[in-house]
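The structure under discussion is shown below.

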Amino acid sequence: MAVIPTAANIRLTEGQVGEVAPGGTLIYPGVTSCLTVTVRLRNGGKVGAHASLFQVPGEYRSDRILAAVKQRTGARTVRAVEVRGAVGAWDPSYFTRAIESYPEGEQVPVPAGPDPEGLARAVADGLGQPRGKVTVEDLPDGDQRVD
């Protein structure tokens with residue numbers, strides 16, 4: 001799995017997790033059906049993840065990416081968690097059971113509409129953080145830059 005080393009500025013593509021030092025920038029290219037998760041640490045650094053609806057070979061599946069973020073964050077204090085991207089394309093359960101994990105013939109949950117509250121709860125639970133630290137924002141297609 002691609003865990004990108006700490007750097008001043010990094011690009012995180014689908015299924016990747018990485019970290020920037022205080023003052024660094026996370027760049028999430030081509031966010032269309034994806035969600036990004038940015039953990040803002042008390043020291044000013046950021047841990048980020050580019051969660052994809054479908055697994056990119058060699059990268060994290062949606063049901064494993066939050067555990068990778070939590071491991072990368074470790075015991076450091078989290079100030080805030082920002083979830084951005086295609087909110088309407090995601091069922092909160094994708095963070096606990098990836099679309100690829102459903103056997104042929106089993107019904108995959110499909111979101112009836114945007115569920116920002118459900119996504120916030122799923123991310124908070126997956127990261128072991130209070131729900132109040134997580135915000136969710138539906139963003140149109142494109143690159144995301146988090147300074």
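How many salt bridges does the structure hold? The model is a predicted one, and the structure holds 10 salt bridges.

## Salt bridges between strands

Arg40 and Glu82 form a salt bridge through their side chains, with an N to O distance of 2.6 Å. Arg40 belongs to strand 3 (residues 35–41) and Glu82 to strand 5 (residues 78–85), so the pair links distant parts of the chain, 42 residues apart. Arg40 counts as buried because its relative accessibility of 17% is under 20%. Glu82 is also buried, at 13%.

Arg84 and Glu137 are likewise paired in a salt bridge, their closest N and O atoms lying 3.4 Å apart. Here strand 5, which holds Arg84, is linked to strand 6 (residues 134–138), which holds Glu137, across 53 residues. Arg84 is buried at 18% relative accessible area, whereas Glu137 is partly exposed at 38%. Salt bridges with shared partners join Arg40, Glu82, Arg84 and Glu137 into one network.

## A partly exposed pair

Glu106 and Arg97 form a salt bridge with closest N and O atoms 3.0 Å apart. Glu106 is partly exposed at 36% relative accessible area, and Arg97 is partly exposed at 29%.

## Helix packing

Helix 1 (residues 65–73) packs against helix 2 (residues 116–127) at about 50°, with the axes 8 Å apart; the two helices are therefore oblique to each other. Their crossing is right-handed. Helix 1 contributes Leu66, Val69 and Lys70 to the contact, and helix 2 contributes Ala122, Val123, Gly126 and Leu127. By class, this contact comprises five nonpolar, one polar and one charged residues.

Technical notes
Residues numbered from 1 in each chain as written. Predicted model: local features only at pLDDT ≥ 70, side-chain atom pairs only at ≥ 80, totals over all residues. Heavy atoms only, no water. Axes fitted to C-alpha atoms, helices over the stretch in contact; angles between N-to-C directions. Helix = DSSP H or I, 4+ residues; strand = E, 2+ residues; numbered from the N terminus. Parallel < 35°, antiparallel > 145°, perpendicular 65-115°, else oblique. Left-handed = near helix turned anticlockwise from the far one by under 90°. Contact = heavy atoms within 4.5 Å. Nonpolar A, V, L, I, M, F, W, Y, C, P; charged D, E, K, R; others polar. Salt bridge = Lys/Arg side-chain N within 4 Å of Asp/Glu carboxyl O. Buried < 20%, exposed > 50% of the residue type's maximum accessible area, 1.4 Å probe, protein only.
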